[in-house]
Amino acid sequence: MKGLEAAGVSRPVMVLVILALAVAAGLILAAVVRRSLRRRDRQRKINEAGRKGEEELAGRLLRQGGYRKVLQNVYIPTSRSTTEADVIMLHHSGIYVFENKAYSGWIFASAESQYWMQTRPNGTRNSFYNPIRQNEGHIASLMKFLGVKDRGMFHSVIVFSDKAEFKDVDCGGHSAVNGHDVWVIHLNELNWALKKAGRRTKYSLTRGEIREINGKLTPRTKVSEKVKREHLRNVKKKR
């Protein structure tokens, strides 16, 4: 203030300048807060849609015929922390690992690309990590945890909401990625994919083996809040 007075600026003008700067700072802060709240609200809606999608997927799997075990939100140990498989189904035809994507809008994807793109009806875009690669990470950690050496025992299934529309996707339906069967489907295609995958399998798990694997994995669905918080921190770091 004294410096401005020395420069010949009157006190009323100085007060107006200070008020203007305070208002500008307040507007900037309000904009930052609004953006943060919108981001938090958007993430909350995504999480809610994801939970609903997982519940619906698990429910449909439980209604399938035959002996099976279905587990949700399985926190599998890794060398650094944990990785979370959305849904796992143990069946006589193998171990099915599901990655649920409750996205709407257009989906642009390639099996080889690191990121896929979602375009919403309002024109906004959202990139997300290739779920085929993501699920392969789950399967690799699961194999190590269970002591299984043959990748062929596992089925990788990526399930999108029926509200999603595949555009320029080279890996929809059934495809082979790095020599392994991968299914990228809508939820309404689940029965078709399970039947196809079951016919292609070379393995057969007995009820005893299913119960044994289920016994190892069930505790990983009941991890402590500390483990969950650490998992979320690692996910945020990757993002």
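Predicted model: local features only at pLDDT ≥ 70, side-chain atom pairs only at ≥ 80, totals over all residues.
View 1. The chain holds six helices and 10 strands, and, of its contacts with a separation of 6 or more, 59% are between residues 24 or more positions apart.

**View 2. The six-stranded open sheet.** Six strands form an open sheet in the order β1-β2-β3-β7-β10-β9, and their pairing is mixed.

**View 3. Pairing of β3 with β7.** Strand β3, residues 94-101, runs parallel to strand β7, residues 154-160, and seven bridges join the two. Within this pairing, phenylalanine 98 stands opposite valine 157 in β7.

**View 4. Strand β10 and its two partners.** Five of the seven residues of β10 are buried, so this strand is largely enclosed by the rest of the structure. Five bridges join β10 to β7, with the two strands running parallel, and here phenylalanine 160 has histidine 186 in β10 as its bridge partner. Five bridges also join β10 to β9, but this pair runs antiparallel, with valine 177 standing opposite histidine 180 in β10. Strands β9 and β10 form a hairpin with two residues between them, and asparagine 178, in the turn, has a positive phi of about 55°.

**View 5. Helices α4 and α5 on the sheet.** Helix α4, residues 190-200, lies across β2 (82-91), β3, β7, β9 and β10 (180-186), and runs at about 165° to β10. Helix α5, residues 207-217, also packs on the sheet, where it touches β1, β2 and β3, and its direction makes about 160° with that of β2.

**View 6. The crossing of α3 and α5.** The axes of α3 (residues 131-146) and α5 come within 11 Å and cross at roughly 105°; because angles of 65 to 115 degrees count as roughly perpendicular, α3 is described as roughly perpendicular to α5. At this contact, Leu142, Phe145 and Leu146 in α3 meet Ile213, Lys216 and Leu217 in α5. The residues of the contact divide into five nonpolar, no polar and one charged.

Terms used: Residues numbered from 1 in each chain as written. Heavy atoms only, no water. Pairing = 2+ DSSP bridges. Helix = DSSP H or I, 4+ residues; strand = E, 2+ residues; numbered from the N terminus. Contact = heavy atoms within 4.5 Å. Axes fitted to C-alpha atoms, helices over the stretch in contact; angles between N-to-C directions. Parallel < 35°, antiparallel > 145°, perpendicular 65-115°, else oblique. Nonpolar A, V, L, I, M, F, W, Y, C, P; charged D, E, K, R; others polar. Buried < 20%, exposed > 50% of the residue type's maximum accessible area, 1.4 Å probe, protein only.
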